[in-house]
Amino acid sequence: MSPTAIALLVTTAPLAAFVLALVVLPRQRRLAAATVVGAGAISCGGALWLLRDGPAAAPQLLRWFDAERGPIAFGLLLDGPNLLFGAVVALVALAVSVYSLGYMAGDRGWSRYFALLGLFSWSMLSFVFSANLLQMFIFWELVGLASFLLIGFWYEKPAAAAAARKAFIMTRIGDVGLMIGMIMLFNATGTLDVRELSDPQLLGQLPQSRLALIALLFFAGVVGKSAQFPLHTWLPDAMEGPTPVSALLHSATMVAAGVYLFARFHPLFMAVDYVARIVLGVALGTALLAATMALVERDIKRVLAFSSISQLGFMLMGLAVGSLHAGLFHLVTHAFFKALLFLCAGSYIHHCGSNDLVAIGRAGGRKQRWTTLGLVIGAGALAGVPPLAGFFSKEAVLGALALHQPPAIVALAYLASFLTAYYSFRMVFLVLRPQDASAAATAPDERHAGAPGAAHVAHDEHASPGWAGAVMRVPIVVLTVLAAGAGWGGAYIGRLAGVAPERPHALEMLLAIALALAGIGLAWIEFGRRGAAQRGFVARVPALHALFSHRWYLDALYAALVARLLSGISRLCALVESRGLDGAVDGMARGTVAGGRGASAIQGGRLQVYIGASALLLAVACYLIGAL
């Protein structure tokens with residue numbers, strides 16, 4: 001088969017499975033699930049085949065229409081970044097589909113769930129392989145739709161429905177910016193071809209001010225999709241969806257789409273210097289902000305959600321300082337170890353019936369040996385422990401920062417890395433080292449009753465067959481191997497991206513390792529050692545603890561601002577309606593009534609008088625007209 005035919009098979013197999021599972025097989029649950037998993041296997045096999053063969057030329061497949069500024073044609077792009085990330089998406093999607101056979105077994109919406117997984121995979125794979133920006137935007141929106149449907153999968157729960165709405169609305173804010181930027185770019189260049197728009201010579205012909213505006217509008221889309229400040233608040237609430245969905249959403253689809261878009265149009269963002277500095281500032285601030293929230297969170301899924309926001313910031317930091325290799329490398333390794341961590345979290349939740357880290361520890365979560373091994377490997381990779389995957393990719397990001405940025409910026413990035421190691425192993429020790437004297441277990445809920453997400457509940461109870469645990473274990477083992485070994489593929493990723501990897505200095509590597517070990521050591525002292533009170537250093541400063549627990553009060557601030565804005569608009573509309581439109585109509589009515597009453601006062605019911613008066617008035621009018 002030609003590369004184009006294989007790529008078509010990779011992208012359309014999940015679509016066919018989605019239609020079959022939703023329309024043809026809704027009552028045949030097992031067959032619907034088998035169809036989606038089989039389609040995932042076809043996509044994964046095809047994507048790995050394409051990756052093995054390397055970049056290839058792929059023709060346009062469909063000329064859609066001719067616009068005034070140029071033709072719009074759809075097609076497939078098969079260059080290094082597409083093939084690399086397409087394989088990652090297909091592999092993680094297959095792992096999540098297989099895992100879901102066990103995790104979602106017995107759920108009433110089994111067929112619908114697998115159908116939506118097919119929709120999610122089709123949208124993301126088609127987005128990745130798109131050769132045209134308009135084509136990318138269409139599948140970008142379909143990724144958002146699939147996320148909305150899966151986050152709100154248990155729609156009968158008000159929290160899940162609210163989380164889905166929040167995710168949909170907040171990401172649309174960024175998407176409006178992206179759409180405007182796309183239109184401006186098309187007007188300026190006359191093309192939406194992805195390869196042509198990645199040409200620095202073409203971009204260099206545009207005025208700097210227009211180029212900067214377009215890049216910032218594109219970045220608005222990235223901020224929304226990849227949950228960067230100030231549009232990051234939807235991602236923790238998205239944990240209301242099934243845990244396998246979280247694994248897919250956080251590692252290879254929804255949030256990864258924003259970073260992939262940034263990497264795909266890297267020359268556009270690098271064309272104006274101050275745009276790159278803005279991106280760096282937002283990404284660094286987001287990484288630190290999310291890390292502080294993870295320090296006090298007890299819901300295992302939300303710890304991982306804050307971690308995703310922070311690590312996406314790391315990826316954008318690497319890209320913003322010009323290292324395409326560092327950004328893509330961390331995107332790939334993060335996909336493996338974050339999917340692993342979410343699947344481990346789901347396994348604990350499935351068996352222990354709780355999202356709470358302390359409750360999982362006390363319920364004997366550590367007895368699940370394969371899951372616990374995956375948790376430790378995944379947390380080590382997230383913390384940057386050598387030689388796990390996250391160590392190499394995070395080193396690439398930190399090394400790129402050290403080469404191009406002042407020490408203060410680098411120091412803040414190292415601080416975020418230290419906090420990552422601390423909260424990662426706080427999570428591990430709370431699960432593996434439950435303490436009888438744990439202050440975390442005996443104290444009131446650290447999340448506070450009014451904190452966002454305090455009402456989150458665990459995996460819904462349903463009948464779970466005996467084979468479910470074994471099925472869930474297979475993807476965990478596969479992803480554990482990838483999380484442990486994917487870091488050695490940095491040079492290969494650099495070749496696929498067409499860039500030379502930047503090798504960090506030995507001193508920087510030692511500093512990063514020391515900070516990671518310091519974070520783990522502090523987590524051990526506070527949560528892991530025998531007799532530890534399991535109360536972190538943040539809890540010793542109540543004001544700081546409250547600030548982090550309430551997510552810096554950003555949700556409350558947004559709610560207050562939006563509520564006031566909507567209230568003000570409502571009052572203005574009410575005023576215009578009551579005093580303007582209604583007042584004018586009422587005035588006309590009152591004038592008509594008054595006129596009628598006045599006319600009624602001068603009439604007496606005598607017809608001959610009216611006729612005489614009318615004839616007299618008509619004669620006077622004729623006389624006056626004749627006189628003129």
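**Exercise 1.** Is Tyr 553 buried, partly exposed or exposed?

*Solution.* Start with the cut-offs: buried means under 20% relative accessible area, exposed over 50%, and partly exposed in between (1.4 Å probe, protein chains only). Tyr 553 has 39% relative accessibility, so it counts as partly exposed. Now look at the backbone: Tyr 553 is not a glycine, yet its phi is positive, about 60°. Tyr 553 sits in the loop between α25 and α26. Helices here are DSSP runs (H or I, at least four residues), numbered from the N terminus.

A word on the source: this is a predicted model, where local features need pLDDT of at least 70, side-chain atom pairs count only at pLDDT 80 or more, and totals for chains, interfaces and linings use all residues. Residues are numbered from 1 along each chain as its sequence is written, and side-chain values use heavy atoms, with hydrogens and water left out.

**Exercise 2.** Where is Arg 551 found, and is it buried or exposed?

*Solution.* Arg 551 is in the loop between α25 (542–549) and α26 (554–601). Its relative accessibility is 3%, so Arg 551 counts as buried. Arg 551 also has a positive phi, about 55°, without being a glycine. Why flag that? Because most residues other than glycine have a negative phi, and most peptide bonds are trans.

**Exercise 3.** How do α15 and α19 cross, and which residues make the contact?

*Solution.* Take the axes, lines fitted to C-alpha atoms over the stretch in contact, with angles from 0 to 180 degrees between N-to-C directions. Those of α15 (residues 300–320) and α19 come within 9 Å and cross at roughly 45°. That makes α15 oblique to α19, since angles under 35 degrees count as roughly parallel, over 145 as roughly antiparallel, 65 to 115 as roughly perpendicular and the rest as oblique. Next, the contact (heavy atoms within 4.5 Å): α15 brings Gln 311, Phe 314, Met 317 and Gly 318, while α19 brings Lys 394, Val 397, Leu 398 and Leu 401.

Notes
Helix = DSSP H or I, 4+ residues; strand = E, 2+ residues; numbered from the N terminus.
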